[in-house]
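Please look over the sequence and the model below. The paragraphs after them go from the contact between the chains to the chains themselves.

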Amino acid sequence: MKIVHKIILANLFDILLIALTGLFAYQNLQLLLTKLRYVEIADDLNASFLEIRISEKNFFLYHDATELVNIHNKLRESQNAMQSEREDIIRAIGEPNYRQLELCTQDYLEVINAAGQRGMNQESLQVRIREAGQRLREFADHITKLERANVNRIIAGSRNGLFISLVLILISALGISQLVSQRILKSLKEIEKVAHAISGGTFRKVHAVHPFHEPAWMEQLVSKLPLLRTFFTKKTPDELDSVMKAINSMSEELKQHEEMIIQSKKLASIGILTAGVAHELGNPLNNISMLAQAYTELYDDLGREERIEYMQKVEEETERIRDIVKNLLDFSKPKKPNRAEASINAVIQKSLSLVGNMLQVSNIEIDVHLADNLPHVLIDINQIQEVLINLITNAIQASSAGDELRIRSGLDDTGEHIQIAIQDTGRGIPPEFLPHVFDPFFTTKEAGGTGLGLFVSYGIIQNHQGTIQVQSEMGSGTCFTITLPVCRREETGG
Amino acid sequence: MKGAKIIVIDDENIVGKMIKATFEKDGYHVETFLSAPPALARLKEEPFDVIITDLKMKGIDGMEVLRTVKKESPDIKVIMITAFASMDAAVEAVRGKVDDFFPKPFKIKDLKVCIERLLGG
């Protein structure tokens, strides 16, 4: 369901609620007005009935026949008033009550009329007059009280209704704003994380964030109403889903591009490797060839010793070729690492002890800072030691007496990788050479560099799912940074 | 041209040794060096007819030897040898500037023919 549809739905709900509340309030008000109108009429009637009862009392006290006429006239007036307000009264108290009231009045009127015709001395008539008067007065009183209570009830009901509506509207407004903002904020956070990861070179995908699921009744409602279904099918992606889809496809494309770049780099390094191999093999091959040619050409002139020397040289050059081939096979088919859980600090210390003599001879200051309580790493200790010794040896060779070698270990920001930095204050690597330091057969050393050390180190670290990076500035030194993934408990089963 | 004087510069000592052994049998005078600086110094002392130099060497490489020699004594013939099997960028750079070029491994006989041709003998 799209976010905009959710907002529309919530707004529709709120509007419906407000309209219902308004309608309810209006109806209550109408009813209230009717009841009040009746109470007004009833007050008039009650006043008339009270006067009638007073006249009745006077009649019984003084036997004044004019009182009977008064009662008769008042009753007629009341009847007329009731007749003229009939509609309003019926609306307020209902038809049965009205008829009852009408009956009481009529009954009373008939008794009064009978008294007027037959004289007032008749005992039973007096009783009937009293009874009818009392009944009328009581019934009118009862109805009026009832209606006042109704008025109070309606007012209280309206108050409660309004309060409940207000609460419901507030809840729904808060609910939808919470739902929408949570969905948007969480999604934005997820997108932000992915953007960070992408800028860091990890092309992961955004996972859709749904802090709240649409309740089941909503699905049922939507599935039952075809009109709603066109708007609110669950499969319709919302705006954030579209954004995430776009980010995911971007991430995917970046990943593919990076893979292409890596592939082309690989091809380039195969080219460099091939050229290197050709050159490395070309020299001993040429030597063997020249030895053989000279041997043939000078055979008669050569003494026995010289002939043996020539053949020994051929053998030496063959060995040279064999060594190159063996080394290449080692690099191209890396041995399966023999991994064990290890403390990187211990491996660093061990490597340092192995190059300690070289450090002393070179007169290079060493500054080691290893973080305490580092999590273990799952490594082939010999291979990682080879890498560290390689880097430390390079640093020593690039430094002069009095330079400093700094070695650091620690956790990276995410806590998922151990970082090892090997930094020298030596010559530095020219910027144009930096991209090639990990290429096979690349060396800047005057003599004795095979150009394979960093190439091999790179391969070892890659096999450990780690990274190795170099930063260098001419004149101020070089820093190699290795990251290795922290050993996870579940991977080691411990 | 028998008696011609040749300098060989190659950090692989077998190259110089074998050229010396086979060429001196034919009457050439051959001096061998493992790097360029002493060879260039030797050139200042005496004139030579041919320089055979490796292309890829530590310090001063074959290209620089070629430039120096051609600048100071343009008559000296320079032959470049290299273990780069293919005609890559470095090889292309020396083509046309050197008098001849031999990729390793090469035939000593071919080298002799080449020198005889270059010296007009």
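Across the interface of chain B and chain A there are three salt bridges in this predicted model. In one salt bridge, the side chain of Arg320(A) meets that of Glu12(B), with 2.7 Å from N to O. On the side of chain B that touches chain A, the elements giving two or more residues are α1 (13-25) and α5 (108-118) of chain B. The largest share of that side comes from α1(B), which gives eight residues. Polar contacts between chain B and chain A, with both residues at pLDDT 80 or more, come to eight residue pairs.

The size of an interface is often given as the accessible area lost when the parts come together. For chain B and chain A, this buried area is about 2000 Å², with 58% of it on carbon and sulfur atoms. In chain B, the residues that lose the most area to chain A are Glu12(B), Ile14(B) and Met18(B), which together account for 27% of what that side buries. Counted by contact, 21 residues of chain B touch 23 residues of chain A.

Chain A itself has 13 helices and seven strands. Of its 494 residues, 37% are buried. Its accessible surface is about 29200 Å², and 57% of this belongs to carbon and sulfur atoms. Among the contacts in chain A with a separation of 6 or more, 73% are between residues 24 or more positions apart.

On the surface, Phe163(A), Ile164(A), Val167(A), Leu168(A) and Ile171(A) form a nonpolar patch with about 470 Å² of accessible area together. Leu168(A) lies in helix α5 (residues 123-199) of chain A and counts as partly exposed because its relative accessibility is 39%. Thr478(A), in strand β7 (residues 477-485) of chain A, counts as buried because its relative accessibility is 5%. The side chain of Thr478(A) makes a polar contact of 2.9 Å with that of Ser472(A). Beyond four places in sequence, the contacts of Thr478(A) include Ile422(A), Gly428(A) and Val470(A).

In chain B, Lys112(B) forms a salt bridge with Asp26(B), with 2.7 Å between the closest N and O atoms. Lys112(B) is in helix α5 and Asp26(B) in the loop between α1 and β2 (29-33), so the pair ties together parts 86 residues apart in sequence. Lys112(B) is buried at 9% relative accessible area, and Asp26(B) is partly exposed at 25%. Another salt bridge, between Glu45(B) and Arg42(B), has its closest N and O atoms 3.0 Å apart. These two are three residues apart in helix α2 of chain B, so about one helical turn separates them. Helix α2 (residues 36-45) also holds Ala39(B), which is buried at 2% relative accessibility. Not counting residues up to four places away, Ala39(B) touches Ile7(B), Ile9(B) and Phe33(B).

Technical notes: Residues numbered from 1 in each chain as written. Chains lettered and ligands numbered in written order. Predicted model: local features only at pLDDT ≥ 70, side-chain atom pairs only at ≥ 80, totals over all residues. Heavy atoms only, no water. Patch = residues over 30% accessible without salt bridge, like charges linked within 9 Å, V, L, I, M, F, W, Y side chains within 5 Å. Areas by Shrake-Rupley, 256 points an atom, 1.4 Å probe, with all protein chains shown as cover. Salt bridge = Lys/Arg side-chain N within 4 Å of Asp/Glu carboxyl O. Helix = DSSP H or I, 4+ residues; strand = E, 2+ residues; numbered from the N terminus. Buried < 20%, exposed > 50% of the residue type's maximum accessible area, 1.4 Å probe, protein only. Polar contact = N/O pair within 3.5 Å; in protein donor to acceptor, adjacent residues only side chain to side chain. Contact = heavy atoms within 4.5 Å. Buried area = accessible area lost by both parts, 1.4 Å probe.
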